[in-house]
Amino acid sequence: MSANERILEWLLCILLVFVFSLHSAAGNIRYSIPEEMAVGSFVGNIGKDLGLQPERLVTGRARLFSPGGSEYVALDREEEQLVVRERIDREQLCGEAPVCSFSFEIILESPIELYRVTVEILDINDNSPVFPRSELKMEISESAVPGARFSLESARDLDVGVNSLQGYSLHPTDHFALKVHSRPGGSKSVEMILQTPLDREKQEQLNLMLTAVDGGNPKRTGTVKINIAVLDANDNAPVFKQSVYRASVPENAVKGTLVITVSATDADNESNGHIQYYFEHATRNINELFIINPSTGDIIVTGELDFEKSKLHEIKVQAKDQGGLTDSSDVLIEVLDVNDNAPKMTVMSFSSTLPEDSVPGTVIAMINVQDLDSGDNGRVKCSIDTALPFKIETSLTNYYSVLTDSVLDREQTSEYNITVIAVDGGSPSLSSNQTLHLKISDVNDHAPQFEQETYNAYLMENNPPSFSVFSVKANDADWGANARVSYYIEESDLNGLPLSSYISINADSGVIYAVTPFDYEQIKLIKLRVKAQDAGSPPLSSNATVSIIIQDQNDNAPQVLYPVQTAGSLVAEMVPRSAEVGYLVTKVVAVDVDSGQNAWLSYKLLKPADRPLFAVGLQNGEIRTIRQVSDKDAVKQKLTLIVEDNGQPPRSASVNVNVAVADSFPEILSEFTDFTHDRDYNDDLTFYLILSLAVVSFLFIVSIITILSVKCYRWRHERMFYKSGGNLPIIPYYPPLYADVGGTGTLRHVYNYEGCGTTDSRRSDLKYGRPCSQNTLNVDLSGTGTIPRKVDADVCVEQKPPNTDWRFSQNQRPGPSGAGVPPEGAVGTGPWPNPPTEAEQLQALMAAANEVSEATATLGPGTMGLSTRYSPQFTLQHVPDYRQNVYIPGSTATLTANPQQQALPPPQAQAPPPTQAEAPKAAQTPASKKKSAKKEKK
């Protein structure tokens with residue numbers, strides 16, 4: 001092919017591209033391009049022609065899908081163009097079909113869109129007519145009469161339309177002329193017609209040239225040489241019974257199946273009348289599918305027929321006698337369709353993961369279904385399992401969409417196997433299926449759920465820091481990050497501090513830790529709300545209440561309230577030598593701020609003597625005589641008591657009780673006044689005396705103001721403190737140095753009451769008058785004794801001895817001191833009492849403060865520094881004897897005397913006391929003599 005022809009061909013291609021317009025409607029678009037275009041050639045601007053938004057092909061990940069699998073064009077997403085991908089040969093693609101086109105689909109995602117594109121291939125004159133053979137040899141009898149016809153092999157031009165075969169020419173034309181016939185299938189056949197008789201004697205061989213011409217521009221031709229041998233005369237040619245034979249055969253016909261039998265007759269006899277049958281100018285496809293019996297004319301199937309490839313076969317059959325005369329007939333074989341092709345399914349687009357909150361109608365997959373059969377055999381229906389929450393609908397022809405039909409829930413079903421079944425309408429029907437494996441992605445639609453709404457945890461006090469207390473667990477039905485639960489403690493306050501300063505929680509495991517050690521006496525219960533929150537967006541949460549109960553531990557030793565141990569004074573209990581067995585000497589009062597068994601107290605003597613005079617009640621702490629006092633018993637006896645709780649391990653406290661066995665004070669003075677002072681006087685004694693006087697005056701003024709304030713306070717709260725009448729708990733003596741050691745709220749203040757005497761000498765000589773029923777002696781160990789006021793012994797009210805007929809029920813027994821046994825019984829053990837409550841202890845302290853304030857108001861400047869209840873001015877009319885009306889701290893019970901003692905007239909009814917008598921002077925001691933000598937010297 002010359003250069004000019006190539007240029008013309010390219011110009012024709014470009015012209016055709018611009019000439020053929022583009023039409024699109026309802027998702028379909030059609031292009032027309034010539035065949036044999038170069039790879040990469042422009043086909044069409046698909047983005048513009050479809051009216052898509054810029055960059056839609058890129059964002060939608062557009063791609064092409066061809067049902068046949070062959071892709072002749074490619075999509076350039078960036079340029080939004082269709083270009084030729086590979087060489088397109090129309091004759092190879094469509095054969096002799098008058099119209100050649102192929103279709104494909106453009107698929108877009110997000111959302112899914114489908115467009116069908118049809119590309120029509122226009123024929124160009126790129127094929128010349130071709131004869132089956134380059135040379136034909138024929139034999140013609142010289143007796144052939146003018147008008148005899150001789151069939152020639154037709155040329156074949158693969159082009160169509162004007163580019164196909166248009167005509168023949170014969171050269172030379174001395175004896176023959178050409179006649180062209182159009183076949184029913186649209187092809188052309190050519191015959192030579194004898195114009196003038198042949199004369200073998202003149203010319204035995206004729207050489208002709210047959211030329212086939214197409215209608216292209218420029219025209220293409222094909223030639224064949226015809227060599228004719230002139231034979232002797234054969235007057236009659238074979239004649240077919242039918243000019244056209246028609247037959248039909250199913251496409252599944254097996255090899256050897258008889259399709260049709262053709263027949264011709266010859267009027268000649270013998271050899272000139274013997275006819276043989278041939279396929280005239282049969283194509284390779286015909287020779288592969290059929291064969292004809294030369295003798296009988298039977299056409300038999302020898303290959304596999306396929307309706308989908310070719311529905312009709314045209315065969316030209318020739319009958320020839322021995323004399324060379326022939327006749328031709330056309331055989332049309334129609335192939336009948338058989339349902340031999342199952343539907344073919346192709347998944348064009350599929351979203352393998354779908355969120356569970358997808359709305360009904362969401363497209364999951366797009367499926368193309370093709371059935372090569374025709375009619376009902378090619379009519380396909382698709383279906384899926386109706387039990388699944390999905391449905392299938394058709395959009396375009398042969399295209400189906402799988403959609404959601406209801407709301408999905410991943411927690412119920414996390415994945416689905418969707419089987420799409422395609423069934424054709426043949427009989428019997430053929431089917432195929434395609435399984436889609438769909439996973440449901442999680443959406444945060446479930447909040448974490450605790451196993452319980454409330455939890456109770458127990459923690460022993462004095463725990464170490466960062467101690468693991470308890471663990472909570474919440475489950476989330478979601479998956480992945482939506483199911484990852486974190487734990488938090490809701491902020492609140494406890495005792496004025498943030499809860500986070502006491503308790504923390506591991507955000508991942510839910511383990512609750514104690515940040516600091518806990519004290520049961522301060523905190524007994526902690527309530528907190530734990531929040532479980534997942535990691536979804538937005539996050540979901542739920543709450544649970546955790547109650548942490550602090551358990552008591554025996555971490556507090558008992559505290560002795562009475563008797564009080566002081567460093568500057570000595571308290572002694574006096575026992576008359578005439579005391580009977582079971583005489584109550586004193587009662588040891590102790591408390592334990594722990595609770596439960598840890599607060600149950602027991603009392604016992606430490607290292608009792610070989611012949612003990614005293615015993616202590618195991619549970620009540622009462623010290624009593626267990627035998628008669630003898631002359632051998634020492635005047636001064638020191639008892640060491642151990643107070644022990646019932647904890648594990650037990651804790652204890654000790655207290656020393658000094659007991660004086662004597663009938664009067666002078667007998668025991670020498671035992672308790674043997675004290676020396678080595679301090680030297682300062683030369684500025686006068687300065688100190690003046691300073692002391694100023695201090696005493698200041699304290700006196702402050703005392704007066706305090707007393708007035710207390711009186712006003714008591715007057716305002718008279719209803720609170722005196723509505724209880726005779727049962728008001730009274731404490732005859734309260735320890736001055738007892739403080740709230742544990743900080744548990746049991747005691748909030750320290751009370752200290754002292755009496756002061758004159759300070760005019762280094763040492764005072766004290767003379768003690770013996771008040772009635774006085775059995776407690778308080779000797780000032782620091783040597784600063786006080787001068788008691790004179791009291792007339794005649795006017796002293798004799799205190800009655802303790803009543804041995806005390807009785808009280810179980811619920812009246814003292815709290816921390818236990819229940820005592822009757823005096824007439826041995827010192828035994830009773831049932832453990834309940835520990836006092838804080839309210840009971842507070843009530844006891846307030847009552848003690850009232851009584852002390854009353855006693856303070858009645859004291860004069862010369863009051864003796866003994867125990868308050870033994871002051872001459874503070875007798876039974878002010879405070880009852882503790883053996884007649886005793887209040888035990890921590891208990892609501894009050895011990896009272898028997899009814900006979902209760903019936904005594906009140907002290908106010910007795911005669912007023914006479915003038916106080918001078919107390920007897922004690923014997924002069926060496927210390928007093930030394931003091932007198934110094935005075936005389938000064």
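Is valine 702 buried, partly exposed or exposed? Valine 702 is partly exposed, because its relative accessible area is 34%, where buried means under 20%, exposed means over 50%, and partly exposed lies in between (1.4 Å probe, protein chains only).

This is a predicted model, so local features need pLDDT of at least 70 and side-chain atom pairs count only at pLDDT 80 or more, while totals for chains, interfaces and linings use all residues. Residues are numbered from 1 along each chain as its sequence is written, and side-chain values use heavy atoms, leaving out hydrogens and water.

**The whole protein**
- The protein has 11 helices and 55 strands; these are DSSP runs numbered from the N terminus, with helices (H or I) of at least four residues and strands (E) of at least two.
- Of the 938 residues, 41% are buried.

- Valine 702 is found in helix H7, which covers residues 685–716.
- Phe687, Tyr688, Leu691, Val695, Phe698, Leu699 and Val702 make a nonpolar surface patch of about 670 Å².
- Patches are made of residues with over 30% relative accessible area and no salt bridge, joining like charges within 9 Å and nonpolar side chains (Val, Leu, Ile, Met, Phe, Trp, Tyr) within 5 Å.
- A salt bridge is a side-chain nitrogen of Lys or Arg within 4 Å of a carboxyl oxygen of Asp or Glu.
- Phenylalanine 687 is exposed, with a relative accessible area of 53%, while tyrosine 688 is partly exposed at 40%.

**Aromatic rings**
- The count comes to 11 aromatic pairs: rings of Phe, Tyr and Trp (its six-membered ring) pair if their centres lie within 6.5 Å, and planes under 30 degrees apart count as stacked, over 60 as edge-to-face and the rest as tilted.
- The rings of phenylalanine 687 and tyrosine 688 form an edge-to-face pair, because their planes are at 70°, with the centres 5.5 Å apart.
- Phe450, Tyr455, Phe470 and Tyr487 are linked into a cluster by ring pairs.

**Alanine 97**
- Alanine 97 is found in the loop between helix H4 (90–94) and strand E7 (101–108).
- Not counting residues up to four places away in sequence, alanine 97 touches Arg90 and Val160, where contact means heavy atoms within 4.5 Å.

Note on methods:
Areas by Shrake-Rupley, 256 points an atom, 1.4 Å probe, with all protein chains shown as cover.
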